[in-house]
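We will go from stop to stop.

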Amino acid sequence: MEHTIEAFKREESLGARHSGAAAASDGKIHIERTQYPYVTGSSVLGIKYKDGILLAADMAASYGSTKRYKSFQRLKPVGKHAVIGASGEMSDFQQISTMLDELTLRDQMWDDSNTLGPHEIHSYLNRIMYQRRNKFDPLWNNIILGGVKNGKKYLGVVSMIGVHFEDDHVATGFGQHLARPELRKQWRADMTLEEGVRLLEKCLLVLYYRDRSSINKYQIAKVTEEGVTISSPFAIETNWELEAFQNPTKNAEGSW
Amino acid sequence: MSSIGTGYDLSVTTFSPDGRVFQTEYASKAVDNSGTAIGVTCKDGVVLGIEKLTPSKMLVEGSNKRIHHVHEHAGMAVAGLAADGRQVVARARAEAKNYLSFYGEEIPTSHLCERVASYVHLCTLYWWLRPFGTGVILGGYDRDGPQLYMIEPSGVSYRYFGAAIGKGRQAAKTEIEKLKLSEMTCKEAVFAVAKIIYGVHDEAKDKAFELEMSWICDESNKEHQKVPANLLEEAKAAAKAAQEEDMDAD
């Protein structure tokens with residue numbers, strides 16, 4: 001799902017001539033589109049539970065390998081019924097947030113007691129991501145959109161190339177590889193809020209141990225029929241005395 | 001206040017010998033003949049109310065709204081030509097949106113008023129454009145607190161504690177002046193405004209009307225929204241009861 005930079009560089013030489021490339025006065029081709037992300041966020045997790053949706057993400061925005069920003073909110077409410085969480089290029093996420101704010105404002109101005117539901121917002125996002133991908137100028141994000149409207153729970157993902165789907169539990173980034181297996185084992189449709197949060201915290205802990213771009217500072221967003229709440233930042237207790245962490249290089253040939 | 005402007009009233013780009021622009025004054029007549037619109041600023045917010053005259057029983061209740069959202073924290077009550085009013089509201093929305101995307105924060109009500117007033121005034125400067133036949137009461141709640149402004153077809157705008165335009169404005173203004181606005185909460189003001197509108201409604205000349213009310217207050221989370229249905233019903237009931245009392249007293 002996540003494109004490697006290599007794949008994009010290959011397409012560059014093919015696409016350079018006819019998309020997003022301008023021939024400048026010095027005769028060289030200057031590419032005017034996204035090529036790689038700079039300030040990035042790591043995984044976002046999302047699950048459905050009995051009363052609604054829970055999303056979780058850490059608060060780190062990295063600049064390459066530097067953990068540059070440690071209070072970056074990667075979860076954001078959209079309208080009254082949905083919440084969005086994004087990994088990838090954070091400036092693109094901020095741009096998407098602005099677009100969604102304009103969308104919900106326009107919706108509010110109709111004043112017809114009809115509000116955009118999570119499915120509609122997800123459709124809007126899918127179109128934006130896919131159309132940018134077609135221009136070879138993607139918004140470099142993997143986005144989770146969750147919400148509840150009229151009792152119906154909705155949890156969807158959309159990637160930077162416009163691939164989108166819904167599921168009972170979703171994740172982006174490393175979460176796809178490290179969290180989803182755990183979610184597949186432990187997720188149940190009738191989980192209470194406490195059980196849901198505990199499951200998410202378990203996955204977040206695994207991500208903290210194994211994903212080097214994560215930090216131990218998280219937020220959990222809850223969406224129910226009543227509305228959206230995003231928790232204040234919290235940390236999870238870690239245990240570095242686990243047997244698996246002792247002698248980490250014992251079986252690694254050539255490592256030090 | 002009526003005067004004959006023969007010869008000097010054909011174009012908005014013509015002054016009369018005594019320095020008046022008759023076309024804008026005639027535009028104000030359109031406002032004066034429409035249903036009453038009232039706005040008041042209270043301790044904790046702004047309340048807008050409209051006497052929406054319903055000329056036909058066939059009109060669906062709640063249609064042809066005359067109070068419009070302009071932005072999250074601002075709303076407009078419109079009097080006069082409804083179609084002209086729609087344009088003014090559309091412009092106000094565009095201005096608020098533009099300010100937000102440019103400066104990254106909600107437009108202060110005073111700025112919004114200035115921008116809308118400039119636009120209304122603009123349409124009085126060219127012979128090929130006619131002035132707006134609408135008066136607008138703009139209510140907003142920003143970091144300087146609740147504010148109320150009124151914009152006339154000439155493009156002039158003032159800030160008010162309480163304002164009224166339309167048919168019953170004289171009577172309404174008298175009633176508003178009796179209120180102690182700085183001590184009232186928005187909830188109390190809703191009852192007061194409903195009472196005033198029921199009071200100024202002319203049963204003989206205009207048969208039916210719908211009461212439309214909105215507020216921006218701490219209770220509504222500083223968001224412009226319609227007054228909640230149950231509160232509105234209470235206010236209507238109290239206003240009707242007060243009317244009957246007055247009639248019995250006579």
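In what order do the five strands of the open sheet in chain B stand? The order is β8-β1-β2-β9-β10, with antiparallel pairing. Strands here are DSSP E runs of at least two residues, helices are H or I runs of at least four, and both are numbered from the N terminus. Two strands pair if DSSP finds at least two bridges between them.

Before moving on, note that this is a predicted model: local features need pLDDT of at least 70, side-chain atom pairs count only at pLDDT 80 or more, and totals for chains, interfaces and linings use all residues. Residues are numbered from 1 along each chain as its sequence is written, chains are lettered from A and ligands numbered from 1 in the order written, and side-chain values use heavy atoms, without hydrogens and water.

**Stop 1**

Now select β2 (45-53) of chain B. Nine bridges join β2 to β9(B), and the two run antiparallel. Pick out B:I50: its bridge partner in β9(B) is B:E212.

**Stop 1: the cores**

A nonpolar core is a set of buried Ala, Val, Leu, Ile, Met, Phe, Trp, Tyr and Cys residues joined through side-chain atoms within 4.5 Å. Buried means under 20% relative accessible area, exposed over 50%, and partly exposed in between (1.4 Å probe, protein chains only).

The largest core has 29 residues. Select B:I38, B:V40 and B:W215, which are among those touching the most other members. Elements giving two or more residues to this core include β1 (37-41) and α6 (229-249) of chain B. α5(B) gives the most, with ten residues. A second, separate core has 22 residues, including B:V88 and B:Y99.

**Stop 3**

A disulfide is a pair of cysteine sulfur atoms within 2.5 Å, and the count over all chains is zero. Is B:C42 buried or exposed? B:C42 counts as buried because its relative accessibility is 6%. B:C186 is buried too, at 1%.

**Stop 2: a tryptophan outside**

Finish at B:W128. Look in the loop between α3 (109-122) and β5 (134-142) of chain B. B:W128 counts as exposed because its relative accessibility is 56%.
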